[in-house]
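Come along while I look things up entry by entry.

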Amino acid sequence: MHHESDPYPGRAQFPGQGDGLVELGMDGGAIFTKFSSCLTGPRSAISLPSGAVDWEVELVVVVGRPGHHISEDRAWDYVAGLTVGQDLSERRVQMAGPVPQFSLGKSFPGFGPLGPAVVSMEEFADPDNLRLGCSVGGELLQEGQTGDMIFSVPEIVARLSAVCPLLPGDVIFTGTPAGVGGTRTPPRFLQPGTTLVSYVEGIGELRNPVIACPMPELMQSV
């Protein structure tokens, strides 16, 4: 079943993992969050607060019912469906200060596109191994398989719910393939006047135009 409305959940949780995290020099298993005010739809514009906004395409799990201490073998029972997400990140804010500010750098308005539908589990032959990727201007920037991630969806659900009770409408971004812009030589980031296209097999694609916006005064000193 495909639910076509723009998802707008209450909380977003991100187990950082996969090739993209390895590229950033971190161990798989880091957990961070995005504030729900950053979440937006599959065709919404991405407003750039600076010239250091990076892309991270991800499979997103939408939680369907409350759960705490969920075992791996029951994890899929708590999932309402899957959707496509972009975990956009302003890298300078993310890495500023004495400790990384992951949540802050990932929570500018519009930094969490989701959609185009929430697809229920019976639609997938193998939900543990879906192809995903993203492109700008027809150039493929990321491509991979969710089966190559460090932790599977059931492992992620079990690890998160061991600490945080999961609630209906929560979304869990599950990790990104190699190819993020911040690790390229030289680093490469989103530019205004382009469109970021992100897809996950069996779900569909996001098409988010990228536009410039006035840089906040505080950003000019970061």
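Entry 1, ground rules. I call a residue buried under 20% relative accessible area, exposed over 50%, and partly exposed in between, using a 1.4 Å probe and protein chains only. My model is a predicted one, where local features need pLDDT of at least 70, side-chain atom pairs count only at pLDDT 80 or more, and totals for chains, interfaces and linings use all residues. Residues are numbered from 1 along each chain as its sequence is written, and side-chain values use heavy atoms, with hydrogens and water left out.

I looked up H69 and found a phi near 55°, a positive value in a residue other than glycine. H69 sits in the loop between β7 and β8 (79–86). For naming, helices (H or I, at least four residues) and strands (E, at least two) are DSSP runs, numbered from the N terminus. Is H69 buried or exposed? H69 is exposed, at a relative accessible area of 56%.

β7 and β8 run antiparallel and are joined by 7 bridges; strands count as paired if DSSP finds at least two bridges between them. I noted that V60 has T83 of β8 as its bridge partner. β8 also runs antiparallel to β10, with 3 bridges joining them, and there G85 stands opposite L114 of β10. Because 7 of its 8 residues are buried, β8 is largely enclosed by the rest of the structure.

Helix α4 (residues 153–161) is largely enclosed by the rest of the structure, because 7 of its 9 residues are buried. Among the buried ones I jotted down V153, P154, I156 and L160.

A nonpolar core here is a set of buried Ala, Val, Leu, Ile, Met, Phe, Trp, Tyr and Cys residues joined through side-chain atoms within 4.5 Å. Which members of the largest one touch the most others? Of its 48 residues, they are L82, I172, L190, L196 and I203. Strand β7 (residues 57–63) gives this core its largest share, 6 residues. I then followed L196: leaving aside residues up to four places away in sequence, L196 touches residues including I46, W55, L88, V136, L190 and V210, where contact means heavy atoms within 4.5 Å.

I found one between G115 and P116, with omega about -5°; P116 lies in strand β10 (residues 112–119). Another cis bond runs from T185 to P186, with omega near -10°. P186 belongs to the loop between β13 (171–173) and β14 (195–200).
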